[in-house]
Protein chains: 2
Amino acid sequence: MSRPRSDAERNRARLLDVAVDLFAEHGDQVQMGEVARAAQVGVGTLYRHFPTRQALVEAVAEQRFSEILAFAESECLPNPDTRAALTCFLTHVAQMHQTGRGLSGAIEATFGSTAPRGPLAIELLAIGDTLIRRGHADGTVRADITVDDLYMLVGALAMISRGDVGDWRRFIDITLDGIAPR
Amino acid sequence: MSRPRSDAERNRARLLDVAVDLFAEHGDQVQMGEVARAAQVGVGTLYRHFPTRQALVEAVAEQRFSEILAFAESECLPNPDTRAALTCFLTHVAQMHQTGRGLSGAIEATFGSTAPRGPLAIELLAIGDTLIRRGHADGTVRADITVDDLYMLVGALAMISRGDVGDWRRFIDITLDGIAPR
DNA sequence: AGCTTAAACGGAAACGGACTCCGAATCAGA
DNA sequence: TCTGATTCGGAGTCCGTTTCCGTTTAAGCT
């Protein structure tokens, strides 16, 4: 268990960087070769760091989760109006999907799998939990609604905003009405 | 523009039949070769009838849409309680996705594309429209909700019930609350 | 600094699956 | 029954992912 070689670490970082950009721009139909070329690296190197296409996609998703997390913490949570905070959060998720389709496949992979959730996902859950609890307290959210419900809605929102299946702003409004007390 | 040869017609039907079953059982990762083999036909024949994988998937989806349609007309519409009718409809869609994952890719393809909607899809829209209107009339559905909203929810439901992203029954309840008047 | 070697690199080739092509087989009208 | 247009079949092409292995390089040791 020794430290990885420094060039390896740099290459990994550059690959991820480039992949995030490419996925954001061209959706997740980007080819492995392109990523390698853009990072000025052989395919072999790419595969050393991300043993499979899926792995790369997931790493990109992880990256973007962390962006969502940061945004939610700094921009949404502080808002004292819980409904507004939830809207802020969900809107950000949707926008992040509309630009940069690359995430969506991974969302599916992450939400759809029973795989052990990464630390980032756990933090995300924590934020959701905070929002839901606040909602319980101030009457924005019905008592029987849980974080799991929220993340089910997030998953749905992700799909919708990816595929132009209607207007996701309406989806947000409708579902927030749906979890509000009657 | 002459009638297709009878053997061609038979082959086409058998291919579609087999494809429906295979997709239902193994999800949409079934290979073209498998479908051809299962139908006792060469790949060439398969490609004659369905010029692309996507075309086959869509044809399968069309098939299943028609099942949904039939069920909705005979089992859901007659229910005088509009909310129950909507629940019936949405539940059926979800169940159809849970078993037989094959549909979901196609749902995405159909809902996500701006392609001209087939006649079946139009009929489905009509049913949705009927339900929404009834809801407007009897106070189950808020006045500003449209069929488009309903089908956005159907799309979302499809994704959710495919991927085990939470409990779709709750999703149905939440969204029906969301489109109800305050 | 030079030596050593485990680790990382690169990219040619293997692999896998969708799709094409065209000679062989088959249907249906005269 | 003959004929030729239509359909069939499946070997082959294409293209993207993944593997393999000889070459290169960072970094610890002397």
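The two copies meet through the same surface, because 93% of the interface residues of chain B are also interface residues in chain A. This is a predicted model, and in it chain B and chain A bury about 2200 Å² between them, with 61% of that area on carbon and sulfur atoms. The contact draws 30 residues from chain B and 29 residues from chain A.

**How the copies are related**

- Chain B can be laid on chain A with an RMSD of 0.2 Å, by a turn of 180° together with a shift of 0.1 Å along the axis; that is the relation of a two-fold axis.
- Of the residues of chain B, the one that comes closest to the rotation axis is Gly178(B), whose C-alpha lies at 1.8 Å.

**What the interface is made of**

- Three residues, Met152(B), Val165(B) and Ile174(B), supply 28% of the area that chain B buries against chain A, which is more than any other three residues supply.
- Between chain B and chain A there are seven residue pairs in polar contact, counting pairs in which both residues are at pLDDT 80 or more.
- On the side of chain B that touches chain A, at least two residues each come from α6 (102-112), α8 (147-163) and α9 (168-179) of chain B.
- The largest share of that side of chain B, 10 residues, is supplied by α8(B).
- By residue class, the side of chain B that touches chain A divides into 15 nonpolar, six polar and nine charged residues.

**Charged pairs**

- Side chains of opposite charge can pair when their charged atoms come close.
- The count over all chains comes to 16 salt bridges, and the count between chain B and chain A is eight salt bridges.
- In one salt bridge, the side chain of Arg170(A) meets that of Asp144(B), with a distance of 3.4 Å from N to O.
- In another, the side chains of Asp177(B) and Arg142(A) meet at 3.0 Å, again from N to O; this pair crosses between chains, with Asp177(B) in helix α9 of chain B and Arg142(A) in the loop between α7 (119-138) and α8 (147-163) of chain A.

**An annotated segment of chain A**

- According to an unreviewed UniProt entry, the annotation "DNA-binding region" covers residues 31-50 of chain A.

Technical notes: Residues are numbered from 1 along each chain as its sequence is written. Chains are lettered from A and ligands numbered from 1 in the order in which they are written. This is a predicted model: local features need pLDDT of at least 70, side-chain atom pairs count only at pLDDT 80 or more; totals for chains, interfaces and linings use all residues. Side-chain values use heavy atoms; hydrogens and water are left out. UniProt positions are given in the numbering used here, feature names are shortened, and annotations may be inferred rather than shown by experiment. Contact means heavy atoms within 4.5 Å. Buried area is the accessible area (1.4 Å probe) that two parts lose on being put together, summed over both. A salt bridge is a side-chain nitrogen of Lys or Arg within 4 Å of a carboxyl oxygen of Asp or Glu. A polar contact is a pair of N or O atoms within 3.5 Å; within protein, one must be able to donate a hydrogen and the other to accept it, and residues adjacent in sequence count only if both atoms are side-chain atoms. Helices (H or I, at least four residues) and strands (E, at least two) are DSSP runs, numbered from the N terminus. Ala, Val, Leu, Ile, Met, Phe, Trp, Tyr, Cys and Pro count as nonpolar, Asp, Glu, Lys and Arg as charged, and the others, Gly among them, as polar. Copies are superposed by least squares on the C-alpha atoms of residues with pLDDT of at least 70 in both.
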